[in-house]
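Q: Could we go through this structure together, a piece at a time?

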Amino acid sequence: MITFKNVSKRYSGDRVALDTVDVAIERGTIVSIIGPSGAGKTTFIRCINRLIDCTSGTVEIEGEAVQHIGSRRLKQLRRRIGMVFQNYNLVDRLTVLENTLHGCLGAMPLHRSLFGLYSKEEKEQALTVLEEVGLSDYIYQRCADLSGGQKQRTGIARALMQKPDILLCDEPVSSLDQQSAQDILNYIERIVRTRKLT
């Protein structure tokens, strides 16, 4: 599903984040990248969906090298890759439902996305996903008023709205207390196994 072939990433000042990484990740597996701060975990993850370009080597998704595709194909590829961010990346003034629906934006025509014109099916899908992550009672709550664990579950719901094949989670529990962190990891594991995601 995901293959790194001799992937390196160097930042300015000759700082090496990735040094000739070779790894193959099979479809449907759960992989954790563990290491200290600055070890290159986020760089590794972001090379998969090309939020960061590697300096050398090749990252492939199902045999397709992501470095060599144009912007239109990259947009299509990113629709298949959900992303859960460490710092949530939510719009605090919007509700849980509105933030969740943002997961549809990449697949919508420009005029619909500009005005937030979601279909009945998209709204029903959002409600189903929010029930799946235990947020049915919070759909109209502003994200600014949520706990850290609730914000992260909203981020997971937003990622699932893309109907991804791959779910990338960048330190999704680092800012949470121990119980909330365990709850989020349990949600992620259950969702990945139920939906057969990588």
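Q: Where is Thr 100 found?
A: Thr 100 is found in helix 3, residues 96–101, where helices are DSSP runs (H or I) of at least four residues, numbered from the N terminus. This is a predicted model, in which local features need pLDDT of at least 70, side-chain atom pairs count only at pLDDT 80 or more, and totals for chains, interfaces and linings use all residues. Residues are numbered from 1 along each chain as its sequence is written, and side-chain values use heavy atoms, with hydrogens and water left out.

Q: Is Thr 100 buried or exposed?
A: Thr 100 counts as buried because its relative accessibility is 0%; buried means under 20% relative accessible area, exposed over 50%, and partly exposed in between (1.4 Å probe, protein chains only).

Q: And which residues is Thr 100 in contact with, leaving aside neighbours within four places in sequence?
A: With those neighbours left aside, Thr 100 is in contact (heavy atoms within 4.5 Å) with Ala 126, Leu 130, Thr 154, Ala 157, Arg 158 and Met 161.

Q: Switching to helix 6, how many of its residues are buried?
A: Twelve of the 13 residues of helix 6 are buried, among them Thr 154, Ala 157 and Arg 158.

Q: What covers them?
A: The cover of the buried residues of helix 6 includes helix 3, helix 5 (120–132) and helix 7 (178–195).

Q: Last one: is Phe 115 buried or exposed?
A: Phe 115, which lies in helix 4 (residues 110–115), is exposed, because its relative accessible area is 63%.

Terms used: Helices (H or I, at least four residues) and strands (E, at least two) are DSSP runs, numbered from the N terminus.
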